[in-house]
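Thanks for coming. I have one model to show today, so let me put it on the screen.

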Amino acid sequence: MEFSAIIGAWVAAFLTIGIFSYLYKDNPFYKAAEHLFVGVSAGYLLSLGFWTQLQPNLFGRLFPAKHYDPDTITYTIYNFLSFFSSSIFPEGGIDKGHDQHLIYLIPLALGVMMLLSLIPSFSWMARWGIAYVVGMAAGLKAYGYLNSNVLGQIKGTAVNLLDFSLPVFSLSSPSIFNNLIIFVGTICGLLYFYFSKEHKGLLGRASKIGIYFLMISFGASFGFAVMGRISLLIGRFTDLIKFSGSEYNYATFWVLFIIVGVLGYAAYREENSGVIAPVDNLGSSTEEE
Amino acid sequence: MNKIEDIFLKIGSVDRRWIFIVIAVVVIIPLLVPIGLPIRATDTSKSVYDAIEALPKGSNVLLSIEYSPSTKPENHPMTISIMRHLFRNDQKVYITCLWPDGQFMAQDALKQVAEGEFNKKYGEDYVLLGYRPGGEAVVKGIVSNIRKLFSVDAKQTKVDDIPMMDGITNFKDFDFLFSASAGYPGTIEWVQYAADPTGVPMSSGVTSIQVNEVMPYVQSGQMVGVLAGMPGAAEYESLINQKGSATSGMDAQSVAHLVIVLFIVLGNISYFIERKRSRKY
């Protein structure tokens, strides 16, 4: 077993048990694991975003190696930038297979404008970048939703109730009974959200059936949510069981012993001091005494 | 009768930490001592299997990885099983990632399946195009011109130098799409911006939480089947006759569900007794 794998197992065991310790109560182990997760995630995302998108697709189109000519203004700027970071701006231009597209200066400018929100006197400029993103996203989403969620779903729920080639009843495959359920469920569910008329009489009864369909849907969602959480728990326990072996120097057992020991000692001191102190102030209870 | 009611009331007011311990115990025991409960494939999982099985040899399959280590127990077994099925049938696999961690998960799965089990050649049998930020904009980019978005792959090799990228310019050049998804951006974006507008068939493997969101697309025929959470992954493992981590987790899953149902029943009994008594006084 490689030393790095063993270290990785110890770190994973510590972070997993540290997060689980929140089930007892908020404590420094949990906080350490949480902060580490947020920091590492943000750093990883930033680094990957830069090296997979900004560097090859933005800078790679502004300063492609194909058109490298040190006498032009563009590449004079490039060589100046290259002086500061030769890994981002390597000598001779960026070779990612692009042609030069100076139109990409516009997204670069919009991106810089968004960063200007950090400077109060220029923060108004960030609105331009945000406006572009909002406008683009709204336009993109409108089409997708209309096509797939509205038209596609209307088509999907327009079932033939008189298709006698189908079996009368089937649990999961198409059947007359299932088609009837889709038809009634869709109509009644929609009627529940029709608020222009008081829900009385026939509309009231139909909307009540709609509520039952919605409740069944919420129940299914809850069931799936439970199943998902248990799956994740199984994943963590599987890893903890793996890390409890001798090849990992019993990482799980040691980490569990240390965390439970420290939290138990903190709880003992807290009880004896008679002061209800938050457990995240470990060691500070003496001062409070 | 009152004594029995008191017991139920006591159970109803038990410290939640005891419930955590019980759940932990019932999950750990089946992991250590497997029961081997039977796994039967549902129609939605079978549809995914049939769709991939029906692809002619050498088809171009786009596999999109949209999950992170946080949902690894659910999504990763699906990805591994789908890769095994595709490589066994000699399909060409193109991998993209809409999530940054997806690239790392894809590398892990490829190392295990493509290199370890099938000895496939990078650039000829499979390619990892990698992660690009932008969510649905990336999907739109792949649909219109994949080469504009992916000028280099995850190893920074120019796509023009990758043999299996010959003839691949946009989404219509793929014969099938499988999205292993844990949320946004993921399966829904692929349906909305790629599969629906182009008509290229797609399937998906999603986390349990997403199943209710994705199922309408399966029902309406916009997607060909779905692998639903860990059970879906276990079903696919049984369909390709190669058991993995999802199958071994299903015993614990089933036992834990039974215990949770028991807790819900006990909690409700306690609630109704409490309500009855409060009305009395």
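This is a predicted model: local features need pLDDT of at least 70, side-chain atom pairs count only at pLDDT 80 or more; totals for chains, interfaces and linings use all residues.

Start with chain B as a whole. There are 10 helices and six strands in chain B. The C-alpha trace of chain B covers about 80 × 35 × 30 Å along its principal axes. Of the 281 residues in chain B, 47% are buried. If you take the contacts in chain B between residues at least 6 apart in sequence, 74% of them join residues at least 24 apart.

Now the domains. The assignment for chain B gives domain 1 as 2-33 + 250-280, and domain 2 as 43-243. Taken over C-alpha atoms, the centres of domain 1 and domain 2 of chain B are separated by 40 Å.

Next, the interface. Here 42 residues of chain A are in contact with 47 residues of chain B. Which elements of chain B give two or more residues to the side that touches chain A? They are helices H2 (16-32), H4 (72-88), H6 (136-149), H7 (187-198), H8 (211-219), H9 (229-239) and H10 (245-280), together with strand S3 (126-131), of chain B. H10(B) supplies the largest share of that side, six residues. By class, the side of chain B that touches chain A has 21 nonpolar, 16 polar and 10 charged residues.

Two of those helices, H6(B) and H7(B), also pack on each other, with axes 8 Å apart and an angle of about 20°. Angles under 35 degrees count as roughly parallel, so H6(B) is roughly parallel to H7(B). The crossing of H6(B) past H7(B) is right-handed. On the H6(B) side the contact is made by Glu136(B), Val139(B), Lys140(B), Ile142(B) and Val143(B). On the H7(B) side the residues are Glu189(B), Trp190(B), Tyr193(B), Ala194(B), Pro197(B) and Thr198(B). This contact of H6(B) with H7(B) has seven nonpolar, one polar and three charged residues.

Last, a residue in chain A. Arg61(A) sits in helix H2 (residues 28-62) of chain A. Is Arg61(A) buried or exposed? Arg61(A) counts as buried, because it has 22 C-beta neighbours inside 10 Å, and the cut-off for buried is 20 or more. Apart from its neighbours within four places in sequence, Arg61(A) is in contact with His98(A), Gln100(A), His101(A) and Tyr104(A). His101(A) is 40 residues from Arg61(A) along the chain, and their C-alpha atoms are separated by 5.5 Å.

That is what I have.

Methods
Residues are numbered from 1 along each chain as its sequence is written. Chains are lettered from A and ligands numbered from 1 in the order in which they are written. Two residues are in contact if their C-beta atoms, placed from the backbone, lie within 7 Å. Helices (H or I, at least four residues) and strands (E, at least two) are DSSP runs, numbered from the N terminus. Ala, Val, Leu, Ile, Met, Phe, Trp, Tyr, Cys and Pro count as nonpolar, Asp, Glu, Lys and Arg as charged, and the others, Gly among them, as polar. Axes are lines fitted to C-alpha atoms, for helices over the stretch in contact, and angles run from 0 to 180 degrees between N-to-C directions. Angles under 35 degrees count as roughly parallel, over 145 as roughly antiparallel, 65 to 115 as roughly perpendicular and the rest as oblique. A crossing is left-handed if the near helix is turned anticlockwise from the far one by less than a right angle, and right-handed if clockwise. Domain bounds come from an automatic or database domain assignment. A residue is buried if 20 or more other C-beta atoms lie within 10 Å of its own, exposed if 12 or fewer, and partly exposed in between; C-beta atoms are placed from the backbone.
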